[in-house]
Amino acid sequence: MNVRFSREGNSLVVMIEGEIDHHTASGMRERIDSKFLMEPVKNMILDLSRVTFMDSAGIGLILGRMNRVKLIGGRMVLRKPRPEIKRILRVSKIEELIELDA
Amino acid sequence: MQPINRMRTEFLSKSANESFARVVAASFAAQADPSIEVLADIRTAVSEAVTNAIIHGYGDEEGIVVLNCVLYPDLIEITVEDSGKGIEDVEQARAPLFTTCPDQERTGMGFTVMETFMDSLEVESKVGQGTRIRMTKQLKSR
């Protein structure tokens, strides 16, 4: 599990590498939340291009971060999910709630 | 229909074993040469079932989770069993978005994902005795 951060203007870019499941999600959650608090940003871009596996724990992780971003009036974007990740995003109907940057 | 192969593995209800279990199940299914999509579906469904056993079956206690796979010529049957708390109301647990732990960002989507990604899903549970999830998936050849 690896989470890396960068900035794009007013957005925190969160690059997640590897697998998101119940085991890895809690560590990712803590790292993302503390970084988002520290940085003077409003929006979050979750870069999923290097996520190789995700189950419903990943949906929980995304929705939880979306709620935090929305609390401060920001925007959340999911960037470049792989086809197998898109499938679970579709099943969860998360696509209707969050902007997708394919 | 006669099975052509079977395997059984058991492991402690530690969350680190979620990835172990889904990789084992998918590797076993791979010998039937299914598509990459079918293997991805199996990985995801097994991950959900094993996570349920660990979080809801055993919670803070430690127990054994059993993963059983039976391979038929064009189908795999996967069961995930725990001897934990059991589910009081299976119908409610299977309902989309129902969750007993929203504070941990559990979405209540586990059963929905299993139902969507597999071809059949049966849940047997007895309070105080445990839960058994049986799923099947058609393995179409490439």
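Biologist: What radius of gyration does chain B have?
Modeller: This is a predicted model, in which local features need pLDDT of at least 70, side-chain atom pairs count only at pLDDT 80 or more, and totals for chains, interfaces and linings use all residues. Residues are numbered from 1 along each chain as its sequence is written, while chains are lettered from A and ligands numbered from 1 in the order in which they are written. The radius is taken over C-alpha atoms, and the globule rule is 2.2 Å times the number of residues to the power 0.38. For 142 residues that rule puts a compact globule near 14 Å, so chain B agrees with its value of 15 Å.

Biologist: What percentage of the residues of chain B count as buried?
Modeller: Buried means 20 or more other C-beta atoms within 10 Å of the residue's own; exposed means 12 or fewer, partly exposed lies in between, and C-beta atoms are placed from the backbone. The C-alpha trace of chain B spans about 40 × 25 × 25 Å along its principal axes. Of its 142 residues, the buried share is 41%.

Biologist: Which pattern does chain B follow along the sequence?
Modeller: Helices (H or I, at least four residues) and strands (E, at least two) are DSSP runs, numbered from the N terminus. Chain B has four helices and five strands. Along the sequence they read β-α-α-β-β-α-α-β-β.

Biologist: Which are the edge strands of the sheet in chain A?
Modeller: Strands pair if DSSP finds at least two bridges between them. The sheet is open, with mixed pairing and the order β1-β2-β3-β4-β5. Pairing on one side only marks the edge strands of chain A, β1 (2-8) and β5 (99-101).

Biologist: Which residue in β4(A) is the bridge partner of Ile45(A)?
Modeller: Strands β3 (residues 43-54) and β4 (residues 76-79) of chain A run parallel, joined by four bridges. In β4(A), Ile45(A) has as its bridge partner Val77(A).

Biologist: At what angle does helix α2 of chain A run to β3(A)?
Modeller: Axes are lines fitted to C-alpha atoms, for helices over the stretch in contact (C-beta atoms, placed from the backbone, within 7 Å), and angles run from 0 to 180 degrees between N-to-C directions. Helix α2 (residues 56-71) lies across β2 (11-20), β3 and β4 of chain A. Its angle to β3(A) is about 175°.

Biologist: Which element gives the largest share of the side of chain A that touches chain B?
Modeller: The contact takes 17 residues from chain A and 19 residues from chain B. On the chain A side, α1 (22-38), α2 and α3 (83-91) each give two or more. The largest share, seven residues, comes from α2(A).

Conventions
Two residues are in contact if their C-beta atoms, placed from the backbone, lie within 7 Å.
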